[in-house]
Amino acid sequence: MNQGVLLCKLDDLPDNSSRGFLPDAQGQDTVFIVRRGSKLYGYSDVCPHYGDTALPWKKDVYLDAGGDYIVCAAHGALFTPDTGECVKGPCRGDFLTPLKITVTAEQDVVLLCESRGKEQ
Ligand code: FES
């Protein structure tokens, strides 16, 4: 079995929600997940514009007001939840760093450690 970090239960992620996690216990959330129906999209919580800036202005608020895009609070960049591509803002065309997420038979949402920082 892949080694991973348990993040939460699937029921803790309502449809069309986002949530941050700190699997490395670094003091602030370093990864986040957006749920779209049965699909989960995980990314590092780092905006590609400056490369060291977390996205949300408030805990777990990674989506814009309409819930359509991931938004960076610093300069308003918008990213598509399914690909992580910036489609509006100063880093247009850049991508969030995707993370591999899996859901176990027990409905545990697990971050697969060996895939962190790599394409899904
Ligand atoms: S740091 Fe995210 S848009 Fe500038």
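Me: Why is Cys72 called buried?
Reply: Its relative accessible area is 2%. Buried means under 20%, exposed over 50%, and partly exposed in between, with a 1.4 Å probe and protein chains only. The value 2% is under 20%, so Cys72 counts as buried.

Me: What are these values based on?
Reply: This is a predicted model, where local features need pLDDT of at least 70 and side-chain atom pairs count only at pLDDT 80 or more, while totals for chains, interfaces and linings use all residues. Residues are numbered from 1 along each chain as its sequence is written, and side-chain values use heavy atoms, with hydrogens and water left out.

Me: What puts Cys47 in its accessibility class?
Reply: A relative accessible area of 3%. That is under 20%, so Cys47 is buried.

Me: What makes Asp108 and Lys9 a salt bridge?
Reply: Their N to O distance is 2.7 Å. A salt bridge needs a side-chain nitrogen of Lys or Arg within 4 Å of a carboxyl oxygen of Asp or Glu. The pair meets that cut-off, so the label holds. Asp108 sits in strand E10 (residues 108-112) and Lys9 in strand E1, 99 residues apart. Strands are DSSP runs of at least two residues (E), helices of at least four (H or I), numbered from the N terminus.

Me: Why do Asp108 and Lys9 get their accessibility labels?
Reply: Asp108 has 18%, under 20%, so Asp108 is buried. Lys9 has 38%, between 20% and 50%, so Lys9 is partly exposed.

Me: How many salt bridges are there in the whole structure?
Reply: A search finds three. Another one joins Asp29 and Lys59 at 2.7 Å, N to O. Asp29 lies in the loop between E2 and strand E3 (31-36), Lys59 in the loop between E4 and strand E5 (70-71), so the pair ties together parts 30 residues apart in sequence.

Me: Why is Lys59 called exposed?
Reply: Its relative accessible area is 51%, over 50%, so Lys59 is exposed. Asp29 is at 11%, so Asp29 is buried.

Me: Which residues form one network?
Reply: Lys59 also forms a salt bridge with Asp60, the closest N and O atoms being 3.1 Å apart. Asp60 has 24% and is partly exposed. Bridges with shared partners join Asp29, Lys59 and Asp60 into one network.

Me: What makes a set of residues a nonpolar core?
Reply: The members are buried Ala, Val, Leu, Ile, Met, Phe, Trp, Tyr and Cys residues joined through side-chain atoms within 4.5 Å. The largest has 15 residues, and Phe32, Leu55, Ile70, Phe79 and Leu96 touch the most other members. E3 and E4 are the elements that give two or more residues to this core. A second, separate core of 12 residues includes Phe21, Val31, Ile33 and Val109.

Me: How do you know that Leu40 is buried?
Reply: Its relative accessible area is 14%, under 20%, so Leu40 is buried. Leu40 lies in strand E4 (residues 39-44). Beyond its neighbours within four places in sequence, its contacts (heavy atoms within 4.5 Å) include Leu10, Ile33 and Val109.
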